[in-house]
Amino acid sequence: MSTRTDRSNMGEHMDVVFDSDLLPAAARAAGWQELADQALCVTQVRFPDEGSLKVRLKAVALRDGVQLAALTYGSLACRRTPALIRRSDPELYQLALITGGRQNLEQCGRRVSLGRGELVLYDSSRPYEASVTAEGALADSLILNVPKRLLPFRDAQLSRLLAVPLPARQGVGGILARFLTGLGEEAPHCTPQDTGRLQSAALDLAGAVLAHHLDRERSLPAHTHQHVLFLRIESFIRAHLGSEELTPAAVAAAHQMSLRALHRLFGHHNTTVAQFIRRQRLEHCRRDLAARHLSHLTVHAIGTRWGFPRPAVFSRVFRTAYGMPPGEYRHRALLRAGTQR
């Protein structure tokens, strides 16, 4: 079976990869069913055309049973029946972010059709049916699996949100969507210490999204409010890195808080607002300088793009951070990339 499971010295971190293209056509459906039952939730899966079945899965386990699964697939239908629930119930809430294609879900008598940029919640302890009709392009989704015991809500409360489309383009839903997308890309490279922080952020953001739609923000713990505020401010800063007007005072004003409270919030994360802004700007510059498709841009243009309009200042802070001026860094990075092709 073309399934890889790595259990290294990273504690609970696990990377699971499935690619149906690497299996003989006759073995793809059974291979996917076996892995999905282990890595996700036991369901009955049916593919309209098993010979041309397309499924890819990458899952990252965090801590305490929290897991993020990135899925790409063609047309399929799956059911979780009462019999399957009696046979195996991990007691999970599954929060899915649709990142491509159109997908359908039915649970608790509600049926919803979901498109890109929407979140939906479903419950492993209740029957459901899901389907994807992929016409040409494949469908994509990110699924955050969270044990029920880790969320500060009762089943009766969350039942109101099952199979209901939850917007994920702005507000706290947008922050969660961006976080899940980044987590899917970067989590395999994180340390065990990072994994714990990522799990905490995932739970806080998921809890904040659900509380928002339940109109129960006040029921969240104080530390969750503070963590979500920090993540909201991080997102705001990243969206405005190119602006010279991005200052600690401007950040505080945009979030209707005092400058002192803003500094105190960032102090709890062992940094300052100015340090965070500069670090993010430098990291974006570093990535752009190493990108072959941006080699037509001058070093000065890249610095200006990310909030360093004065070349001398950009060169000085970049050298301090990375040990060489930006032009030399770009030359070495592009030379190294050329030799690796």
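Reader: Let's start with Gln94: does it count as buried or exposed?
Author: Keeping in mind that this is a predicted model, Gln94 has a relative accessibility of 2%, and because buried means under 20%, Gln94 counts as buried.

Reader: Okay, and which strand is Gln94 found in?
Author: Gln94 belongs to strand β7, which covers residues 92-100.

Reader: What does the side chain of Gln94 make a polar contact with?
Author: The partner is the side chain of Asn145, and the polar contact between the two side chains is 2.9 Å.

Reader: And which residues is Gln94 in contact with, leaving aside its neighbours within four places in sequence?
Author: With those neighbours set aside, the contacts of Gln94 include Cys41, Tyr128 and Ser124, and also Val120, Leu121 and Tyr122. Ile143, Leu144 and Asn145 are in contact with Gln94 as well.

Reader: Going back to the strand, how many residues of β7 are buried?
Author: Eight of its nine residues are buried, so β7 is largely enclosed by the rest of the structure.

Reader: Which strand do eight bridges join to β7?
Author: That is strand β12, residues 139-147, which runs antiparallel to β7, and within this pairing Gly100 stands opposite Asp140 of β12. β7 also pairs with strand β10, residues 118-123, in the antiparallel sense and over five bridges, where Leu97 has Leu119 of β10 as its bridge partner.

Reader: New topic: in what order do the five strands of the open sheet come?
Author: The order is β3-β6-β11-β8-β9, and the pairing in this open sheet is antiparallel. Its edge strands are β3 (44-46) and β9 (110-114), each of which pairs on one side only, and the twist from one strand to the next averages 10°.

Reader: How many bridges are there between β8 and β11?
Author: Strand β8, residues 103-107, and strand β11, residues 128-132, pair over five bridges in the antiparallel sense, and the bridge partner of Asn104 in β11 is Ser131.

Reader: Last one, on helices: how far does α4 reach from its first C-alpha to its last?
Author: Helix α4, made up of the 16 residues 171-186, reaches 23 Å between those two atoms, which is close to the 22 Å expected at 1.5 Å a residue.

Terms used
Residues are numbered from 1 along each chain as its sequence is written. This is a predicted model: local features need pLDDT of at least 70, side-chain atom pairs count only at pLDDT 80 or more; totals for chains, interfaces and linings use all residues. Side-chain values use heavy atoms; hydrogens and water are left out. Two strands pair if DSSP finds at least two bridges between them. Helices (H or I, at least four residues) and strands (E, at least two) are DSSP runs, numbered from the N terminus. Axes are lines fitted to C-alpha atoms, for helices over the stretch in contact, and angles run from 0 to 180 degrees between N-to-C directions. The expected span of a helix is 1.5 Å times one less than its number of residues. Buried means under 20% relative accessible area, exposed over 50%, partly exposed in between (1.4 Å probe, protein chains only). A polar contact is a pair of N or O atoms within 3.5 Å; within protein, one must be able to donate a hydrogen and the other to accept it, and residues adjacent in sequence count only if both atoms are side-chain atoms. Contact means heavy atoms within 4.5 Å.
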